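Hello,

Here is the structure I promised to pass on. Please have it open while you read; my notes follow below.

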There are 2 protein chains.
Amino acid sequence: MAKYIVGFDLGGTKMAAALMTPKFEVKARSRQRSKAHESGDDIYGRIVNTIHNAVAEAKIDPKKELVGIGVGSPGPLDPETGTIIDCANLNWSNFPLAKKLEKEFGCPVVVDNDVNVGTYGEFHFGAGRGAKHLVGIFPGTGIGGGLVLDGRIYHGASGSAGEVGHMTLDPHGPNCGCGKPGCFEAFAGRNVIAAAAAAVALRGQAPTLLKNKGSDVRTIRSGALKRSVAGGDEAVEHVVRRAAHQIGILGANLINVLSPDTLVLGGGLIEAMPDLFREEVKRALKTHAMPFLRKFCTVKIAELGDDATLMGAAKLIAEKLEA
Amino acid sequence: MAKYIVGFDLGGTKMAAALMTPKFEVKARSRQRSKAHESGDDIYGRIVNTIHNAVAEAKIDPKKELVGIGVGSPGPLDPETGTIIDCANLNWSNFPLAKKLEKEFGCPVVVDNDVNVGTYGEFHFGAGRGAKHLVGIFPGTGIGGGLVLDGRIYHGASGSAGEVGHMTLDPHGPNCGCGKPGCFEAFAGRNVIAAAAAAVALRGQAPTLLKNKGSDVRTIRSGALKRSVAGGDEAVEHVVRRAAHQIGILGANLINVLSPDTLVLGGGLIEAMPDLFREEVKRALKTHAMPFLRKFCTVKIAELGDDATLMGAAKLIAEKLEA
């Protein structure tokens, strides 16, 4: 009888499950878009449903053949117990996600922070193959970070280490969504970039963006920014390069502290404009990272896209089953 | 026959050896002040001499009773091999310190970065007893950092992780001694503080400092700053508090990334004015550290002073001998 595991990505805008062999060959997938203003119980119900759909598509017997589930979830959460401590987006507070799924499916479940898990996916299967000390930076609405030190996800005392986007770029800078002043995220998060792009569009300096998307920050996503830059909106390119440079200063800080061998840059914005980001980040590293530490570190663009979290989560549960 | 180990602190202004039992009871000490413009070989000769002096004072037979030596040294260095890669102060380049001492004394030798080793000393014997994830910040001429993660010194890919003072506080800030712009060290290193204090003394706002020390930055050390603040030089107090606040922002960055359970602040400046520094650092943490991570972290002032490196080095060699 065959054995299968599930890797699950509980994202802000979608949830996705992949049913895999213990050798990480994907046999079936299932995904759903997130709904706004859903109750925590409804979200949990859809997680169960999404896993059942993947299981059904693969035509396996979940009671006998599903041996483990790995989940990447927003946090903060306790990776030891798989309890989500507090997540406004999911309407969960002290929600024992791992325990509930274990009861539901009768198999072991691990839950870890989505950015950690995505970084771990890149570490094992993507841009970080062969690394030992890897730092992942994933700019999006927030700027997420994942740390794999000595080959293992590093959690720290709270379980929630790696809040790299909330390091301070300028103590006198604008307030961040977290309430603190001057975080990197308050300068280089995607909504901030989109807002700056909308502003230059409104003052007539981004005709391509204005024609395609107007000035509604909500609609200016990674693809729109990419097309604007490609279409010759120099003022938007300046906005994006400035943010990319700030991401590079963040990377330099992390090199100076952690001396990783690999710095992986991922997320929709960077994957849309990999060359621009690589160029600006490297320029910032040259100025702000200690040369002796920098020369040990390779900068890479994430390779797995949306699959990073699925794959990392599957790897985590596979390791737990082997232990 | 008894067995003894040596903990050695190779500092910028002095070198010191302590001969200890395997239970870290100090039996003899020896120390020498550093001499300026000495050759690398002369410095090495004085290291050997200092260890011999401690051995002689304890009246033991080094050939039979000295079983290991641990050294904390400036770097960068390779902690695997104990080779000092490059140290301008010591006139060493690719200097195989561990190998030479092993040959000289016929026993195993470990060499690690002095700030790492001092942090490890505080972790085992000082302010960090009972910690699991500890970050040490030691402002002096430079701002050194040591990381003990999961109970072990963290070295990263280069062997030289923990360059916390070279994170960027302001990309447009003054140049640091390392050549990069805007490092924390360029704002809150002791010489920078001393220079700012000298400037306010010259403009007549620090009568106590001016009377005691004049305006020569070289003479304005931690004790002089302490007496100036205690003597009512409010402008100097402002200078020191500003730097202490910046050290606090640095601590917040490290909490956000590493989520330690313990943040140890040490070095002459902080040990001279512990209350002032604790107050400003805590204030900065409240503004700049993520609340969820901050509540897992206790701020402590180093307890071992100059002995931290000796003790940490002794612990490192003791562990190597047990392994």
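This is a predicted model: local features need pLDDT of at least 70, side-chain atom pairs count only at pLDDT 80 or more; totals for chains, interfaces and linings use all residues.

Polar contacts are another matter. Between chain B and chain A, 20 residue pairs are in polar contact, counting pairs with both residues at pLDDT 80 or more. Four elements of chain B each supply at least two residues to the side that touches chain A: β10 (143-149), α9 (234-258), α11 (274-288) and α12 (291-294). Of the elements of chain B, α9(B) gives the most to that side, with six residues. By type, the residues on the side of chain B that touches chain A split into 23 nonpolar, 13 polar and five charged.

Now the extent of the interface. Chain B puts 41 residues into the contact, and chain A puts in 41 residues. About 3,400 Å² is buried between the two chains, with 68% of that area coming from carbon and sulfur atoms. On the chain B side, Tyr154(B), Val257(B) and Phe292(B) lose the most area to chain A. Together they account for 18% of what that side buries.

Next, symmetry. Chain B superposes on chain A by a rotation of 180°, with 0.0 Å of shift along the axis and an RMSD of 0.0 Å. The two copies are thus related as by a two-fold rotation axis. Both copies use the same surface: 100% of the contact residues of chain B recur in chain A.

Then a sheet in chain B. It is open, has three strands in the order β5-β6-β7, and pairs antiparallel. β5 (77-78) and β7 (92-95) of chain B are at the edges with a single partner strand each, so one side of each has no neighbour in the sheet. β5(B) runs antiparallel to β6 (residues 83-87) of chain B, and two bridges join them. Within this pairing, Leu77(B) is opposite Ile84(B) of β6(B).

Last, the backbone. Most peptide bonds are trans, and most residues other than glycine have a negative phi. There are exceptions to look at here. The Gly75(A) to Pro76(A) peptide bond is cis, with omega near 0°. Pro76(A) sits in the loop between β4 (66-73) and β5 (77-78) of chain A. In chain B, a cis peptide bond joins Gly75(B) and Pro76(B), with omega about 5°. Pro76(B) is in the loop between β4 (66-73) and β5 of chain B. Asn91(A), not a glycine, has a positive phi of about 55°. Asn91(A) is in the loop between β6 (83-87) and β7 (92-95) of chain A.

Best wishes

Technical notes. Residues are numbered from 1 along each chain as its sequence is written. Chains are lettered from A and ligands numbered from 1 in the order in which they are written. Side-chain values use heavy atoms; hydrogens and water are left out. Contact means heavy atoms within 4.5 Å. Buried area is the accessible area (1.4 Å probe) that two parts lose on being put together, summed over both. A polar contact is a pair of N or O atoms within 3.5 Å; within protein, one must be able to donate a hydrogen and the other to accept it, and residues adjacent in sequence count only if both atoms are side-chain atoms. Ala, Val, Leu, Ile, Met, Phe, Trp, Tyr, Cys and Pro count as nonpolar, Asp, Glu, Lys and Arg as charged, and the others, Gly among them, as polar. Copies are superposed by least squares on the C-alpha atoms of residues with pLDDT of at least 70 in both. Two strands pair if DSSP finds at least two bridges between them.
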